Amino acid sequence: MIFTVAIDGPAAAGKGTISRAVAGRFGFRHLDTGLLYRAVGVKGGDPARAARDLTPKDLDRDDLRTLEAGRAASQVAVLPEVRAALVAFQRRFARSEGGAVLDGRDIGTVICPEAEVKLYVTASPEVRAHRRWLEVGGDEARVLAEVKERDARDMGRADAPLRPAEDAVLIDTSAMGIDEAVAAAIAVVAARLAGT
Ligand code: CDP
């Protein structure tokens with residue numbers, strides 16, 4: 001069975017947790033596409049070359065989840081050559097046999113517009129910054145500034161800007177616990193699988 005769940009949305013909205021839970025529930029494979037951009041961002045040198053030469057080992061680094069790696073990712077993610085180098089791998093993953101969940105910024109709009117389910121997971125910048133701060137610590141005001149800066153860059157870029165696909169289901173997690181958000185996502189996927 002070919003079945004793609006595209007989960008897009010801004011930083012720290014809950015995409016990762018929801019994606020892993022959906023993949024686990026339905027036995028689908030999961031790709032966190034943000035890791036590809038983070039790996040390119042921290043690799044240094046020419047970003048287009050880094051994207052073309054990316055290997056699974058690059059995704060194994062333990063410094064990919066830091067705020068700095070997130071910022072570096074969103075800086076290289078504006079470059080069309082970087083995005084183009086990562087398209088084929090993501091498309092193959094999305095349409096591989098057995099079902100796939102991909103989370104990122106442009107999965108439902110660019111990578112897999114034919115996805116059977118498209119979710120746009122969001123929350124207010126303050127709520128997202130607070131969640132990210134619980135993970136990374138430090139100065140919460142700085143984390144909020146970082147989140148807003150990254151939103152502006154991701155939504156404002158010319159190539160594959162962050163925006164909901166027209167047919168995406170919106171899940172605003174501002175006032176939801178993670179269990180509730182996961183349940184909402186699973187319900188959408190289950191309904192589509194049941195053909196309703
Ligand atoms: O985990 P978080 O939501 O903070 O970020 P991420 O999903 O790891 O993505 C890091 C950065 O990579 C984003 O801010 C985007 O600039 C970029 N990205 C992208 O352009 N397209 C994707 N499909 C995924 C990430």
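Biologist: Before we start, what does buried mean here?
Modeller: A residue is buried if its relative accessible area is under 20%. Keep in mind that this is a predicted model.

Biologist: Thanks! So is Phe26 buried or exposed?
Modeller: Phe26 has a relative accessible area of 18%, so Phe26 is buried.

Biologist: Let's stay with the aromatics. How many aromatic pairs are there in the whole structure?
Modeller: The search turns up 2 aromatic pairs. One of them joins Phe3 and Phe28, with 5.6 Å from centre to centre and 40° between the planes, and that pair is tilted.

Biologist: Where do Phe3 and Phe28 sit in the chain?
Modeller: Phe3 belongs to the segment before strand E1 (4–8), while Phe28 is in the loop between helix H1 (15–26) and E2. They are 25 residues apart, and the pair links distant parts of the chain.

Biologist: And are Phe3 and Phe28 buried or exposed?
Modeller: Phe3 counts as buried, because its relative accessibility is 4%. Phe28 is buried as well, at 8% relative accessibility.

Biologist: Why is the pair of Phe26 and Phe28 called stacked?
Modeller: The ring centres of Phe26 and Phe28 are 5.8 Å apart and the planes meet at 25°, so this pair is stacked. The cut-off for stacked is planes under 30 degrees apart.

Biologist: Which residues do the ring pairs link into a cluster?
Modeller: Phe3, Phe26 and Phe28 are linked into a cluster by ring pairs.

Biologist: What lies over the face of Phe26?
Modeller: That's Arg25, at 4.8 Å from the ring centre of Phe26. There is another case to look at: Arg29 lies over the face of Phe93, at 4.3 Å from the ring centre.

Biologist: New topic: Asp32. Which strand is Asp32 in?
Modeller: Asp32 is in strand E2, which covers residues 29–32.

Biologist: Is Asp32 buried or exposed?
Modeller: Asp32 is buried, because its relative accessible area is 18%.

Biologist: What does the side chain of Asp32 join in a polar contact?
Modeller: The side chain of Asp32 has a polar contact of 3.2 Å with the side chain of Arg65. A polar atom of the Asp32 side chain also lies 3.0 Å from the backbone nitrogen of Gly34.

Biologist: Leaving aside neighbours within four places in sequence, which residues is Asp32 in contact with?
Modeller: With those neighbours set aside, Asp32 is in contact with Arg65 and Asp103.

How values were computed:
Residues are numbered from 1 along each chain as its sequence is written. This is a predicted model: local features need pLDDT of at least 70, side-chain atom pairs count only at pLDDT 80 or more; totals for chains, interfaces and linings use all residues. Side-chain values use heavy atoms; hydrogens and water are left out. Helices (H or I, at least four residues) and strands (E, at least two) are DSSP runs, numbered from the N terminus. Buried means under 20% relative accessible area, exposed over 50%, partly exposed in between (1.4 Å probe, protein chains only). A polar contact is a pair of N or O atoms within 3.5 Å; within protein, one must be able to donate a hydrogen and the other to accept it, and residues adjacent in sequence count only if both atoms are side-chain atoms. Contact means heavy atoms within 4.5 Å. Rings of Phe, Tyr and Trp (its six-membered ring) pair if their centres lie within 6.5 Å; planes under 30 degrees apart count as stacked, over 60 as edge-to-face and the rest as tilted. A charge sits over a ring if NZ of Lys or CZ of Arg is within 6 Å of the ring centre and within 35 degrees of the ring normal.
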